[in-house]
Amino acid sequence: MSGASLDRRERRILRVDRVVTPASVFSPGFVVMLDGLIDFVGAVLPPGLDAAEVELVTGTALPGFVDQHVHGALGIDFGSATAAEALRVVDYHAARGSTSLVASVATAPLPSLERALDTLAPLVAVGHLAGIHLEGPFLSAARRGAHDASLLVPPTVEALSRLVDAAAGSLRMVTLAPELPGGLDAVSWLVERGITVALGHSDCDAATATAAFDRGATVVTHLFNGMRPLHHREPGLVGAALDDDQVSVELILDGHHVAGSVAALVRRLAPDRLVLVSDAMSATGLGDGSYAIAGSAVTVTEGVAMLADGSSLAGSTATVGDALVRLAELSTARAAGAGAVPSIAIEAAAVTSGSASRGVGLVSPLSPGAPADLVIVDDQTFGVERVLRRGTWLSVS
């Protein structure tokens, strides 16, 4: 870092009580930012920088959360949002720690999906969104969850081509059911174009899941939800994913989608592959009431989103920050009687940002060139206290 070049750029230096990356803890830690990007993270301020410029920050800093599966908030769904509405969703989640969003667009008719992609693509191009995730319409009717069965179709090259063209380079991930006609070929087609393939809302067996992983699928969408249950003789998608070290697995840790003991099992079996996601739908940030997602009517009661007929959960009304608090609560409960709250700092950084960044092809968090995104959390509860996005402190809105 030369002094001459620094003089022409906007520099900011933080000294934080503790800076946690997915691999290291610096106590204290220094974060140097240039023009809203990370330039340096470490335990000692690099030579040549003026200590008088350092801003002191109390608490623990994690990388900004990366939510790779989020549908909306504040009554807005990414699938039908205007650009201005989509930015309101971005701002809502950013203020609560999720500084990078991969906007999830749920099942809809193909023209509607093309319109949504066309609207969201420019927001990806300028960095407001980290990408777009299509969850449908190439899903199994048998494991459809909230997705309207009448809108589900097998993948075809024609349909995929139309969607990729509409996305104009912004499509990061597609969730599909590999057992559908053309499903495995669709995995190969998407992977060849640099698009992450997630398996989900699928009734596939373990052999089909493994075949899809061999073709390049690397993510499982909200593990356990929208797939056949794990069975000791028929492991299905769940068993195949947990047994494959190359596959990352999403969990919706909102207290409703998976039991705490199941989350503990995944944490032990896939510690380096676990991704906390919100699956937040449009009711997030609002009260109970009637909503819709993926062509289906949804009723939210006491914060739990269910299909109006009560047959399935329909996303969540939580954030990744809420999921992290739940993770800390589960860790504390399991350590009851041990006399100390276990530190989950490095795990927290991995499951909220590191694994997702790696899985969908983003720059590693808190590394040179990454967005200068930080979340200051409580040392014990891991609740979000302050958020720095692109080098600027945000206020909760």
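This is a predicted model: local features need pLDDT of at least 70, side-chain atom pairs count only at pLDDT 80 or more; totals for chains, interfaces and linings use all residues.
Tutor: Two strands count as paired if DSSP finds at least two bridges between them.

Student: In general, how do the strands of a sheet pair?

Tutor: Strands of a sheet pair through backbone hydrogen bonds, in either the parallel or the antiparallel sense.

Student: How many strands form the open sheet here, and in what order?

Tutor: The open sheet is formed by eight strands, ordered 6-9-10-11-12-13-14-15, with parallel pairing. At its edges lie strand 6 (66-70) and strand 15 (274-276), each of which pairs on one side only.

Student: Over how many bridges do strand 9 and strand 10 pair?

Tutor: Strand 9 (residues 100-106) and strand 10 (residues 131-135) are joined in the parallel sense over five bridges. Within this pairing, serine 104 is opposite histidine 133 of strand 10.

Student: Let us turn to charged side chains. What can side chains of opposite charge do when their charged atoms come close?

Tutor: Such side chains can pair. This structure holds 10 salt bridges. One of them joins the side chains of arginine 215 and aspartate 185, at 3.1 Å from N to O. Distant parts of the chain are linked by this pair: arginine 215 belongs to helix 6 (residues 206-215) and aspartate 185 to helix 5 (residues 183-192), 30 residues apart.

Student: Which residue does arginine 267 meet in a salt bridge?

Tutor: Arginine 267 forms a salt bridge with glutamate 347, and the closest N and O atoms are 2.7 Å apart. This pair also links distant parts of the chain, with arginine 267 in helix 8 (residues 260-269) and glutamate 347 in helix 10 (residues 345-360), 80 residues apart.

Student: Is arginine 267 buried or exposed?

Tutor: Buried means under 20% relative accessible area. Arginine 267 has a value of 16%, and is therefore buried. Glutamate 347, at 23%, is partly exposed.

Student: How accessible are arginine 228 and aspartate 203?

Tutor: Arginine 228 is partly exposed at 23% relative accessibility, and aspartate 203 is partly exposed at 24%.

Note on methods: Residues are numbered from 1 along each chain as its sequence is written. Side-chain values use heavy atoms; hydrogens and water are left out. Helices (H or I, at least four residues) and strands (E, at least two) are DSSP runs, numbered from the N terminus. A salt bridge is a side-chain nitrogen of Lys or Arg within 4 Å of a carboxyl oxygen of Asp or Glu. Buried means under 20% relative accessible area, exposed over 50%, partly exposed in between (1.4 Å probe, protein chains only).
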